[in-house]
Protein chains: 2
Amino acid sequence: MAGLREQKKAETRKAIIDSSIQLFTEKGFEKTSIEDIAKQAGIGKATVYTYFATKDDIFLTFCSEELEDAFATLQTPRKEDDRVLDQLVDFFMLKFKFVTKNSEFGRQLLREMLFPKKVNNKVKEHNQRYFDILEKLFKSAQDRGELPPAQDLFLLSVHFFSLYLGVLVGWYGGYVASLEEAEEAMRNLFGHVFMGVGL
Amino acid sequence: MAGLREQKKAETRKAIIDSSIQLFTEKGFEKTSIEDIAKQAGIGKATVYTYFATKDDIFLTFCSEELEDAFATLQTPRKEDDRVLDQLVDFFMLKFKFVTKNSEFGRQLLREMLFPKKVNNKVKEHNQRYFDILEKLFKSAQDRGELPPAQDLFLLSVHFFSLYLGVLVGWYGGYVASLEEAEEAMRNLFGHVFMGVGL
DNA sequence: TGATAAACTCGACCGCATTCGAGATTTTAA
DNA sequence: TTAAAATCTCGAATGCGGTCGAGTTTATCA
């Protein structure tokens, strides 16, 4: 029988992911040990390392599954009559709420995604999907005449993403204490970009 | 004798910091164990924890010492005839070079500073010093008429800081591969802010 | 000064991520 | 079919961050 091993491996892998999702959700990342995961998945502790290089690696896979839900929300078409500024604030506040919903979870995720130990394609794919959504949003703003057609939309995406990061850092650093403050900061910062601050 | 204990404590503390600086520099953060540090400082492992709460805490103190050097450079008066945009690029490129000089060091530092496990005053002080420099820079730009006097300078500092973060994330994510690319990205993003991208 | 309190030190210990390596299982090929 | 090669499994061992608590040193004050 050809694929016996392959099939088993796939099953075991799925068992590890499922167990991780359950335990991370129940007890959080740091409180869940590899042994817990192994036991829950019905395998030996060392076997986990055949499938995932490190605990962080499992975490990122866990996040992928979680983030799928977020995408569903993020991709629902924005209200068309909103200004692009409002759409952007909506978009990033959704991300913001998702990431900060569980503080420990968000911190871990951000550390891994933004400053990974080595360049990580899983992360790149995620970012690409976000940037695609943003570019679509900007394109339709151009069609409505809210944005000049000459803008480099990727760079613009990076710009707003950076501002979103800034607000997140403010949150984790204790400068931004509530969702309201976060939204206000975003709106002000985003405003700069459209109006410019020069003379 | 009154200050005997105080004095000893100060000496021990200094011994820990010196040992840490030496070992972190020699072998890197992750390869240096608390036991290494203790041995090098001539004390017991557990004693280290009388002076520093966690290994991360030692790391941040280590960084403070390192960052002092950076401040010396950052505070040399910018060339007065530069445009504020050039001054900003200079300023943030210096920070950028400093942080990315040693990739592992920078990653660890950024993770701790930007997404700390709990709000950290040491970090806040650092940021305050940076923001002070930036605000001074903006003020003199206002005096020269390069910036309208009504701007909220703190928010403006946050804005540029966020863009700097974005470039750093690009670096660690493998999108920005060289210092030249980093500088170009910064210049373009900073440009947005002054000109605005609206119609 | 002496004795009680306060603070400091550190070897031993704990929990956990990660690695080792010996044995079990599956594949390959004759 | 079968036996050697390749791959997979997992209990045991390792190394490290962090804590505990018993013993030691210093401070306090009658």
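**Entry 1: a bridge between chains**

I looked up A:K117 and B:E30. Their side chains meet in a salt bridge, 3.9 Å from N to O. The model is predicted, so I note that side-chain atom pairs count only at pLDDT 80 or more. The distance passes because the cut-off for a salt bridge is 4 Å.

How many salt bridges cross the interface of chain A and chain B? I find 3 by the rule. I also looked for polar contacts there, and the rule finds 7 residue pairs across the interface.

Next I asked which elements of chain A give two or more residues to the side that touches chain B. They are helix 6 (103–114), helix 7 (121–143), helix 8 (153–173) and helix 9 (179–195). Helix 8 of chain A gives the largest share, 11 residues. By type, I sorted the residues on this side of chain A into 21 nonpolar, 12 polar and 7 charged.

**Entry 2: the interface as a whole**

I counted residues next. The contact takes 40 from chain A and 40 from chain B. Chain A and chain B bury about 4,100 Å² between them. Of that area, 66% is on carbon and sulfur atoms.

Which three residues of chain A supply more of its buried area than any other three? I noted A:R111, A:F115 and A:V197. Together they supply 20% of the area that chain A buries against chain B.

I then compared the two sides. In chain A, 100% of the interface residues are also interface residues in chain B, so the copies meet through the same surface.

**Entry 3: the axis**

Two copies of a chain are related by a rotation about an axis and a shift along it. I looked up both values here. Chain A superposes on chain B by a rotation of 179 degrees, with 0.1 Å of shift along the axis. The RMSD is 0.3 Å. This is the relation of a two-fold axis. In chain A, the C-alpha nearest the axis belongs to A:G196, and I noted 1.7 Å between them.

**Entry 4: salt bridges within a chain**

I find 13 salt bridges over all chains.

A:E146 is partly exposed at 22%. A:R144 is partly exposed too, at 31%.

The side chains of B:D36 and B:K27 meet at 3.0 Å, N to O. I noted 25% relative accessibility for B:D36, which counts as partly exposed. B:K27 is also partly exposed, at 37%.

Last, I followed the shared partners. Salt bridges join A:D86, A:E183 and A:R187 into one network.

**Entry 5: a threonine in chain B**

I looked up B:T12, which lies in helix 1 (residues 4–27) of chain B. Is B:T12 buried or exposed? B:T12 is buried, with a relative accessible area of 18%.

What does B:T12 touch, leaving aside its neighbours within four places in sequence? I find contacts with B:I43 and B:Y51.

Methods:
Residues are numbered from 1 along each chain as its sequence is written. Chains are lettered from A and ligands numbered from 1 in the order in which they are written. This is a predicted model: local features need pLDDT of at least 70, side-chain atom pairs count only at pLDDT 80 or more; totals for chains, interfaces and linings use all residues. Side-chain values use heavy atoms; hydrogens and water are left out. Helices (H or I, at least four residues) and strands (E, at least two) are DSSP runs, numbered from the N terminus. Buried means under 20% relative accessible area, exposed over 50%, partly exposed in between (1.4 Å probe, protein chains only). Contact means heavy atoms within 4.5 Å. Copies are superposed by least squares on the C-alpha atoms of residues with pLDDT of at least 70 in both. Buried area is the accessible area (1.4 Å probe) that two parts lose on being put together, summed over both. A polar contact is a pair of N or O atoms within 3.5 Å; within protein, one must be able to donate a hydrogen and the other to accept it, and residues adjacent in sequence count only if both atoms are side-chain atoms. Ala, Val, Leu, Ile, Met, Phe, Trp, Tyr, Cys and Pro count as nonpolar, Asp, Glu, Lys and Arg as charged, and the others, Gly among them, as polar.
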